[in-house]
Amino acid sequence: MRVLITGGAGFIGSHLVRTVLAPDRPLGEVRVTVLDSLTYAGNPENLAAVRHHPGFRFVRGDITDAAVVDRLMAEHDAVVHLAAESHVDRSIAAAHAFVHTNVLGTQTLLDAALRHGTEPFVHVSTDEVYGSVPFGSATEQHPLAPSSAYSASKASSDLLALACHRTHGLDVRVTRCSNNYGPFQYPEKLIPRFVTRLLRGENVPLYGDGENVRDWLHVDDHCRGLIAVLTRGRPGEVYNIGGGTELTNKELTGALLTACDAGWDRVDRVADRKGHDLRYSVDWSKIHRELGYEPRRDFDSGLAETVAWYRERHAP
Ligand code: NAD
């Protein structure tokens, strides 16, 4: 199988690339091309472990560049599309890049996949498209009610991907995963940001009352879910991926302080994020039932490993 992985120099994409090229070869004989424009969030060093693998190729390019996308799509049998502008706070400050990459970029890929019959096309989305879920858990049928330009642009691209399946019959599969944690993440999102700041002796900013709840899933579990959907998912279906550990931001901050040997005096309470969703929670029984997916990584040991990884690379 020849797989095109967009956004493969980012946090989750690079983990997926390292996973599929690992010696146990979860996809069997595979050739992987990463298409990534290397924004601030993409780092070629995330792919150092596979740089010399015979089945690996890196192409620096933009998913909105129709010529590059068309050429690459013609050479591949399947797509896992992760490239995105992915940070909510940046989308609140400036939304344009989110619409450009997440919406136009996705449509550019879908058009080319359709022209060349490149399928399955796994579109990697997020639980944030459901908006805040105050109680219970969102199934795949839950209405989309995104709150930020990030989640609205992801919801738009989900709908375009599903429309491409309904209208043209392209084998599109959409995944919606909860918050990921693990090594190799650009230090702007909560866990890597807090850990790197604490390790440098700096304070960390906690939004509002800290009662916002997120489901934290190890990136390795997300990637196993993606591989299950790529290999055994059904065309036109949406699969929630979750089952991590639900924590308030305050509880998570407490765990990170402990892991970094710091106290609550290192936490600055700051004004809440605009439009901050109170809680995300996905019902992941469908992917469990149909594809046998379930998370394997224990949160405490996964977090300890993650903190150790940042300590090794980012400590002064
Ligand atoms: P990331 O920001 O770490 O990586 C994104 C990658 O996309 C980077 O390597 C960047 O250079 C690349 N990129 C951005 N714009 C591009 C463009 N126009 N053309 C080509 N490449 C471009 O993101 P991540 O956290 O690894 O997330 C990957 C995907 O998973 C995203 O689609 C995101 O919405 C989704 N997701 C993330 C999480 C999470 O917790 N991080 C959870 C669920 C879903």
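1. A charge sits over a ring if NZ of Lys or CZ of Arg is within 6 Å of the ring centre and within 35 degrees of the ring normal. This is a predicted model, and Arg18 meets that rule in it: its charged end sits over the ring of Phe184, 3.8 Å from the ring centre. A second case involves Arg90, which lies over the face of Tyr40. There the distance to the ring centre is 3.6 Å.

2. Phe184 also belongs to a ring pair. Its partner is Trp309, and the pair is tilted. The centres are 4.7 Å apart, with 45° between the planes. This pair links distant parts of the chain, 125 residues apart. Phe184 is in the loop between β7 (179–181) and α6 (190–199). Trp309 is in helix α10 (residues 299–314). Trp309 has a relative accessible area of 16%, so it counts as buried. Ring pairs also bring in Tyr310: Phe184, Trp309 and Tyr310 form a cluster.

3. How many aromatic pairs are there by the ring rule? The count comes to six. One of them joins Phe98 and Tyr150, and it is edge-to-face. The two rings are 6.5 Å apart, centre to centre, and their planes make an angle of 80°. Phe98 lies in helix α4 (residues 96–116) and Tyr150 in helix α5 (residues 149–168), so the contact ties together parts that are 52 residues apart in sequence. Both partners are covered. Phe98 counts as buried because its relative accessibility is 2%. Tyr150 is buried too, at 9% relative accessible area.

4. Next, the cysteines. The structure holds zero disulfides. Cys223 is in no disulfide, and the nearest cysteine sulfur, that of Cys177, is 8.8 Å away. Cys223 is buried, with a relative accessible area of 0%. Cys164 is buried as well, at 6%.

5. Now the second largest pocket. About 210 Å³ of space lies in it. Its lining is made of 13 residues. Closest to the centre are Arg224, Ile227, Ala228, Arg232 and Arg296. Which element gives the most to this lining? Helix α7 (residues 219–232) does, with five residues. By class, six lining residues are nonpolar, three are polar and four are charged.

6. Helix α6 is mostly covered. Seven of its ten residues are buried. They are Ile191, Pro192, Phe194, Val195, Thr196, Leu198 and Leu199. Just after α6 comes Gly201, with a positive phi of about 85°.

7. Helix α8 (residues 249–259) has its own set of buried residues: Asn249, Leu252, Thr253, Gly254, Leu256 and Leu257. Just after α8, Asp261 takes a positive phi of about 55°.

8. To return to the opening point: Phe184 has the charged end of Arg18 over its ring, and the ring of Phe184 also pairs with that of Trp309.

How values were computed
Residues are numbered from 1 along each chain as its sequence is written. This is a predicted model: local features need pLDDT of at least 70, side-chain atom pairs count only at pLDDT 80 or more; totals for chains, interfaces and linings use all residues. Side-chain values use heavy atoms; hydrogens and water are left out. On a 1 Å grid over the protein atoms alone, a cavity is a set of points where a 1.4 Å probe fits but cannot get out, and a pocket is an open set with protein on both sides within 12 Å along at least five of seven lines; lining residues have an atom within 4 Å of a point. Grid points are joined across faces, edges and corners, and a volume is the space filled by probe spheres set on the points. Helices (H or I, at least four residues) and strands (E, at least two) are DSSP runs, numbered from the N terminus. Ala, Val, Leu, Ile, Met, Phe, Trp, Tyr, Cys and Pro count as nonpolar, Asp, Glu, Lys and Arg as charged, and the others, Gly among them, as polar. Rings of Phe, Tyr and Trp (its six-membered ring) pair if their centres lie within 6.5 Å; planes under 30 degrees apart count as stacked, over 60 as edge-to-face and the rest as tilted. Buried means under 20% relative accessible area, exposed over 50%, partly exposed in between (1.4 Å probe, protein chains only). A disulfide is a pair of cysteine sulfur atoms within 2.5 Å.
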